[in-house]
Amino acid sequence: MVTYPIKGISPDMSFLEMMDVLNEELLLKGEDPVAFDHDCREGICGMCSLFINGRPHGPERGTTTCQLHMRHFKDGDTITIEPWRAAAFPVHKDLVVDRSAFDRIQQAGGYVSVNTGGVPDANTIPISKSIADKAFDAATCIGCGACVAACKNASAILFVSAKVSQLSMLPQGKTERKTRVENMVAQMDIEGFGSCTNTGACAVECPVGISLENIDMLRSEFIFAKATSENL
Amino acid sequence: MILDSRIPEGPLAEKWDKHKFDVKLVNPANKRKYDIIVVGTGLAGASAAASFGELGYNVKAFCFQDSPRRAHSIAAQGGINAAKNYQNDGDSIYRLFYDTIKGGDYRAREANVFRLAQVSVNIIDQCVAQGVPFARDYGGLLANRSFGGAQVSRTFYARGQTGQQLLLGAYSALNRQIAYGKVKMYPRTEMLDLVLVDGKARGIVVRNLITGKIESHSAHAVVLATGGYGNVFFLSTNAMGSNATAAWRAYKKGALFANPCYTQIHPTCIPVSGTYQSKLTLMSESLRNDGRVWVPKTVETAERLRRGEITVKDIAEQDRDYYLERKYPAFGNLVPRDVASRNAKLVCDEGRGVGASGLAVFLDFADAIKREGQPAIAAKYGNLFEMYAKITDENPYERPMRIYPAVHYTMGGLWVDYNLMTNVPGLYAAGEANFSDHGANRLGASALMQGLADGYFVLPYTIGDYLAKMPYDKVPADHPAFKEAEQNVIDINNRLLSVNGQRTVDDFHKQLGHIMWEYCGMARNAEGLQFAKQEIRKLRDEFWRDVKVVGVNEELNITLEKANRVADFLELGELMVDDALHREESCGGHFREEHQTPENEALRDDENFAYVAAWEFTGVGNDAVLHKEDLKFENVKLTQRSYK
């Protein structure tokens, strides 16, 4: 743990801009800057992380670290910053962690098996607006890992459930719904994520508001799939 | 050098179908004998890599982010065009083609743009089949909206997160191929050189961003889908990591760079608030469907507003100038991006800008909220309003947004022929990384369309034509050409690490960005451009004398990564200025002050500049050599664009 004093922080700065200011100061002193992940800085790419004062993405609800502004802190505060803490997210350096486990879970079944070309006209698959909207809500997961970081068991179930319920709800995803949920859950276990004990911390901390309903859906999909498995 | 665009013969509407029949095919059993490298995993890269894998090729895909899902396509908000004519409002492939050619101010190839319009309809089908949750009407069919510069509703969207949903669709297709073993994915890996063997692109040299290891990868063809170079301006709507290095190093290996000065300045971004600012945030231009753009009628009112003596509510309706509605009654607030941006600059230059800096105009939703109610507006733009409130601490439901133009997209890029192959055999460029389809100005909702068109529906055909003529032999990754390229990369890194100067990489980057924005931005003139060229050269010299890069190569070194990218921006910036200087006309958003109509609109010179300017590298510090590809317009008549 290192403590860095920092001055001249404007309330309109984003948290990561504050980190930029810190790193510029460190560089000028010839010291190593603090490595952290970030990219789009508009809350959509999911690359930024940071466990700030004991909360993933900091104190504001529904906000990624890059969209968190310094006006939410007080002058003189000491801010504690940690990387995501989970056995399945090993630390690369400083605040940078390895989230490739998430990619491997998606590779286990987070898709509809269609090749490019040879698909029907888009409007031959009508989908009721309410279902389309619900699927969209689940599909907005940015894959940042805050749910895992928030969970005392480091469970990835909210992340997995978002993709499972998006595709299970849509007619395009129905054909593979059983194998998908079985394979994604199995991969989640292989990666070393913990089990869900229904604390709901994941949904509280999710920056894009992925709902616990998705976990309910995953469970019912999973039980149904196990009872009538097509993984033959 | 003669630039052969390889546009197929025949009537416009039949060229692509004819070409698809004429291209050579690779037998399904032989596809597994070919390796393809794809650099970048945004819409173009992910869709190309997935489609190649489905066809049976062996694919290696690379991205610098920690996951292919992070590519900056994910941040596109507004939508994707397709000539489906689901709304029965007069749309057609020809109309989408026509709008795109005209919107690009007649500086794009007819044949490419027509093909883009043709395959646009397939893209929507493909995405829906993958489970992309587009917006729908109550009947369950797909919804559309109209978008900047179009008089039909042809834009498909997923709330304000269309890019995210399309990219996650392409990412899912990519994941499926990774699971099958047809695509090998290399995240956190950055391409630092292109390798040529016997004049053909045969591989790349990369740096593992975690360990610093320099590695070579060999293949039969290389596709660069590495996005645009908007970050040359430091402040832009691009992601922090977006960079030009892969394309630039290919340029230095002989690939031509086309129309580098064509950059798009997006009219609706959140204004700059301070010097610490690291990026600019876009507000989707779909907001202009319901928001009205205005500034105070007089400089005096604007000054009082800026000083805080009055508030927005104190400005009566008759004292507001809805300047887009006034000047362009037919299109109003929906004029194309270049027109909206230039007019915002114009009113701010007159002293009528708002906000503390005076570099902003209002985007006002009061009328729309009165007309449709707040819930309806929230349903359409909720996430954008929230984002605005988070950044500015102001509630856009109660007071108008403040917006200002910002660099958003680059239409220039590597020169490619109709097959999307650069002048280097075996090197392809797709998506924003190439120059091909948007001319001098990109219309809204066209970038997503082009990225996916290139990746899903163009490259899978055209790359086979090249591979079919290639022997199966692989070049070993320890071939002298690879060793030489690796050494070149190591030398550059060592040079950066050994300067040990006094100024940080960001400091240089900010200064470069300032030069580019002031002299090579929305309005340019010869004097300013000549000045900028000298300033960039001086800055580049200083960079190599005085930059401070700490640490070593063999580690996760964020400063070294950035230094490589900024070193390339310092060279690219000069080429952009050269290109802007030579183009003695105003086209698209590139307003050469010397060339304007009596009404201060952009004045094109079709007689002398209806060509693609493709530049050839001749050494750092030497002027690049210009090659021209004349643009032939056989189907559309070149007219002065008018949105009145």
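Guide: Welcome! A helix here is a DSSP run of H or I with at least four residues, a strand is a run of E with at least two, and both are numbered from the N terminus. What you see is a predicted model, in which local features need pLDDT of at least 70 and side-chain atom pairs count only at pLDDT 80 or more, while totals for chains, interfaces and linings use all residues. Residues are numbered from 1 along each chain as its sequence is written, and chains are lettered from A and ligands numbered from 1 in the order in which they are written.

Visitor: Where is B:R337 placed?
Guide: B:R337 belongs to helix 10 of chain B, which covers residues 337-349. The UniProt annotation "active site", from an unreviewed entry, covers B:R337. UniProt positions follow the numbering used here, feature names are shortened, and annotations may be inferred rather than shown by experiment.

Visitor: Why is B:R337 called buried?
Guide: A residue is buried if 20 or more other C-beta atoms, placed from the backbone, lie within 10 Å of its own; it is exposed at 12 or fewer and partly exposed in between. B:R337 has 26 other C-beta atoms within 10 Å, so it is buried.

Visitor: What makes a nonpolar core?
Guide: It is a set of buried Ala, Val, Leu, Ile, Met, Phe, Trp, Tyr and Cys residues joined through C-beta atoms within 7 Å. The largest one has 277 residues, and B:V361 is among the members that touch the most others. Helix 13 (residues 447-467) of chain B gives this core its largest share, 12 residues.

Visitor: Which residues is B:V361 in contact with, beyond four places in sequence?
Guide: Two residues are in contact if their C-beta atoms, placed from the backbone, lie within 7 Å. Among the partners of B:V361 are B:W294, B:A344 and B:Y404.

Visitor: How many residues does each chain bring to the contact between them?
Guide: Chain B brings 62 residues and chain A brings 67 residues. On the side of chain B, helix 6 supplies the largest share, nine residues. That side has 26 nonpolar, 22 polar and 14 charged residues. Ala, Val, Leu, Ile, Met, Phe, Trp, Tyr, Cys and Pro count as nonpolar, Asp, Glu, Lys and Arg as charged, and the others, including Gly, as polar.

Visitor: What are the domains of chain B?
Guide: They are domain 1 (266-405) and domain 2 (480-611), with bounds from an automatic or database domain assignment. Their centres, taken over C-alpha atoms, are separated by 31 Å. Six residues of domain 1 are in contact with five of domain 2, and helix 10 of chain B gives the most to the domain 1 side, five residues.
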